[in-house]
Amino acid sequence: MSKTAPSELERLKSRKKNKELMNNIYAEKVNSYVVHYSCESFYDEDKQAFRTGRVTSIGLRNLEDAQTHYWSIWLSAEVKKKEDKIDSSLDELEKDVLDSYFGFIKNNSRAHYIHWNMRDINYGFQALEHRYRVLGGDPVTISDDKKFDLARVLVSLYGRNYASHKYTDHNGKEHHGRMMVLAAMNNVATKDAMEGVKEAEAFKGKNYKALHMSTLRKLDMLANFFDRAHANTLKNNGTFREKYGFHWSVVPELIKAHPLYSFFIVITAILGVIVKFTSFLELFKSV
């Protein structure tokens, strides 16, 4: 067997597994949420050191009815009458955002959470948990089997080249980052959505309302991607082979994996025994 076959077969299995998982989540849309958040830069330019970025907004959008649960520093400041004191109240306002988020997670621990690359301490569920601990909170952990990384699943379904990191649309506008590029390719509205770097700059410029609007828009974008991927209508750059996992080298392995192959082997073995036994009887009669 060629060296290509094992990797192709594994990719085919991965694609099938992720497609089934997507179908299961879609079947439970009422208990499935798209989650996204914005934060400041991971890198402290003033101290020339890495640190976890302050969380500025978090949103969850129900896949069934599009009802959105949303919290942001900007909204908390408005409720607490601290619009003109945001800079001096960031710890209090961020904790208020995380209090609400983790309260929601606690009450919906069995839900599915669809996200985009939220998988480590730099940017992800761990980062949210860490920030809450830093502020004195006690975070609720979502089990890994309830997390659905749409960014990774799209690679599994369509291949690593399903979308580039840079794209120029028919109006000559440049889009950067796979999320923004995929939206442009599929004519999904991106009004108010900012690239990650731009969001970090918005925080630095104290433009908290812009961060608020960007997170809300990205929730809509991700929900749109999920729906289209489930319906097999998401436009992408994946080749036929990348999308369907087909390669001639994997055909023998697919045949072997099919139940009929085992049945054929058993029947062949039985027939072989019968032929040998018949030949033996014929030989015995001739003696």
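Reply: Let's start with what a pair is: rings of Phe, Tyr and Trp (its six-membered ring) pair if their centres lie within 6.5 Å, with planes under 30 degrees apart called stacked, over 60 edge-to-face and the rest tilted. Keep in mind that this is a predicted model, where local features need pLDDT of at least 70 and side-chain atom pairs count only at pLDDT 80 or more, while totals for chains, interfaces and linings use all residues. Residues are numbered from 1 along each chain as its sequence is written, and side-chain values use heavy atoms, leaving out hydrogens and water.

The structure holds 9 aromatic pairs. One of them is stacked: phenylalanine 102 and tyrosine 132 sit 4.8 Å apart, centre to centre, with 15 degrees between the planes. Phenylalanine 102 belongs to helix H3 (residues 90–107) and tyrosine 132 to helix H4 (residues 125–134), so this pair ties together parts 30 residues apart in sequence; helices here are DSSP runs of H or I, at least four residues, and strands are runs of E, at least two, numbered from the N terminus.

Now for an edge-to-face pair: phenylalanine 148 and phenylalanine 226, at 5.7 Å centre to centre and 80 degrees between the planes. That one links strand S7 (residues 147–149) with helix H8 (residues 208–230), and its partners are 78 residues apart. Phenylalanine 148 is buried at 2% relative accessible area, and phenylalanine 226 is buried too, at 0%.

Finally, there's a cluster: ring pairs link Tyr33, Trp71, Phe104 and Tyr113.

Technical notes
Buried < 20%, exposed > 50% of the residue type's maximum accessible area, 1.4 Å probe, protein only.
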